[in-house]
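Hello,

Here is the structure I promised to pass on to you. Please open it first, and then read my notes below.

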Amino acid sequence: MTLTFPQDFTFGTATAAYQIEGAVTEDGRCPSIWDTFSHTPGATIAGDTGDVATDSYHRWREDLALLKDLGVDAYRFSIAVPRIISTPDGVPNEKGLDFYEGVVDALLEAGIKPVVTLYHWDLPQYLGDEGGWLNRRTAYALADYAGIVAKRLGDRVDTWTTLNEPWCSSYLSYGAKEHAPGLGLGPGAFPAVHHLNLAHGLMTQAVRAEVGDKAKCSVTLNLQFNRGDADACHRLDLISNRAFLDPMLRGRYPDELFSITKGICDWDFIQSGDLELIHQPIDVLGINYYSTNRVAMSDRPQFPQSTEASTAPGASDVDWLSTEGPHTDMGWNIDPDGLHDLLVRVHDNYPEVDLVVTENGMACKDQLTVNEDGTKSVHDPDRIDYLKRHFAAAKRAIDEGVPLTGYFVWSLLDNFEWYFGYAKRFGITYVDYATQERIPKDSFMWYRDFLASRKG
Ligand code: FCB
């Protein structure tokens with residue numbers, strides 16, 4: 001591939017603690033809402049849990065060897081909240097901190113920048129028991145946690161990402177039933193939206209209080225890119241994107257968000273001073289991108305809005321249409337232009353902040369092949385094609401002036417894909433779950449060659 005990215009561009013891969021670590025009862029880790037949820041009959045499709053996952057709590061050195069072999073500049077991983085604030089008394093669990101310190105030091109020794117996500121959905125169950133993200137105290141507990149981690153690792157972490165995809169931890173988790181805690185409250189997800197925003201601001205402050213202004217602070221959003229009727233796209237942009245972007249980057253919620261949710265949410269959980277707290281300067285905005293939606297206005301009246309379970313409360317008069325193929329094994333459409341268009345649009349609207357693609361990748365029906373010489377391979381040309389085309393779309397955005405500074409492939413290895421459990425494989429490394437053997441797929445070799453060609 002002859003795509004030339006700027007020399008200082010950061011390429012990496014990404015994972016998240018609950019999806020890879022396993023060891024859920026070791027070294028003082030407390031249960032999280034995802035342990036509870038995944039153990040609830042019927043909550044994940046085959047009853048899969050993260051109890052063992054890819055066993056990376058024990059095998060992280062093997063994973064590090066993969067990263068070294070791959071030749072990435074950076075590794076994006078998350079710190080398990082239940083390993084650090086494992087008891088409600090606020091006393092940090094030193095064993096948890098020791099574990100991540102070991103990982104961070106080993107990454108640095110290998111010349112790989114540690115990019116830390118502080119919250120990738122594993123809220124301690126004791127906070128879940130107090131209402132989880134419906135309770136504003138959760139935001140303060142997460143800020144204390146962020147301060148604890150920053151105190152221990154502040155001199156060594158490259159980038160601090162407060163939250164991964166608050167859209168998922170609010171709408172998909174409290175609005176719908178797909179993610180933990182799976183409450184299906186429809187508009188009852190808005191307090192979670194706000195408290196996650198508040199957590200972002202407080203966590204950013206807590207990191208800067210420990211590390212000072214040199215801390216590179218960030219948040220990762222899975223912004224939705226909708227195609228179709230302008231009215232439907234605008235409505236969903238307010239609910240899914242601007243409900244996070246505007247408070248974080250502009251210090252206000254869009255007025256229209258209040259008008260479109262009249263009758264289903266009074267927003268009285270916003271307290272005076274909250275927006276100033278949420279609106280902290282950030283150095284980089286992370287964007288997770290996989291696919292696009294196609295939407296249209298229905299002939300249902302706008303009001304009254306439904307109060308049923310939904311990932312888009314305030315849009316019950318919008319219809320989701322089927323998207324054009326091809327689709328991935330998740331059923332998501334493949335739309336590289338959407339990545340380009342999204343990056344350009346975000347930059348147009350929020351020109352002050354650098355952007356990073358913190359996740360992009362594809363689930364495929366990967367098959368393990370045992371070769372005649374006994375070696376094993378996984379041929380995944382579709383994933384290579386997907387990555388090439390999305391890299392090219394990102395490059396096009398850079399050429400047009402978008403300050404995109406990094407790109408992380410999801411994922412380093414197959415892992416626990418939340419509701420879908422182990423049925424969906426996103427890795428560039430295949431994991432044989434029976435033996436925990438890691439087998440680099442063809443896409444791994446392709447990425448390795450691409451990265452080597454940048455250095456050569
Ligand atoms: C994102 C999540 C990540 C992974 C990918 C496929 O929504 O951040 O953990 O599950 O999707």
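How many nonpolar, polar and charged residues does the shell around the ligand have? The shell has five nonpolar, four polar and three charged residues. Here Ala, Val, Leu, Ile, Met, Phe, Trp, Tyr, Cys and Pro count as nonpolar, Asp, Glu, Lys and Arg as charged, and the others, Gly among them, as polar.

Before you go on, note that this is a predicted model, where local features need pLDDT of at least 70 and side-chain atom pairs count only at pLDDT 80 or more, while totals for chains, interfaces and linings use all residues. Residues are numbered from 1 along each chain as its sequence is written, and side-chain values use heavy atoms, leaving out hydrogens and water.

Now to the ligand. The residues around it (a heavy atom within 4 Å) include His120, Tyr290 and Phe426. A polar side-chain atom of Glu417 lies 2.6 Å from a ligand oxygen, and one of Gln19 lies 2.7 Å from a ligand oxygen.

I also looked for disulfides (two cysteine sulfur atoms within 2.5 Å). The whole structure has zero. Cys233 counts as buried (under 20% relative accessible area, with a 1.4 Å probe and protein chains only) because its relative accessibility is 16%. Cys217 is buried too, at 1%.

Happy exploring!

Methods. A polar contact is a pair of N or O atoms within 3.5 Å; within protein, one must be able to donate a hydrogen and the other to accept it, and residues adjacent in sequence count only if both atoms are side-chain atoms. Buried means under 20% relative accessible area, exposed over 50%, partly exposed in between (1.4 Å probe, protein chains only).
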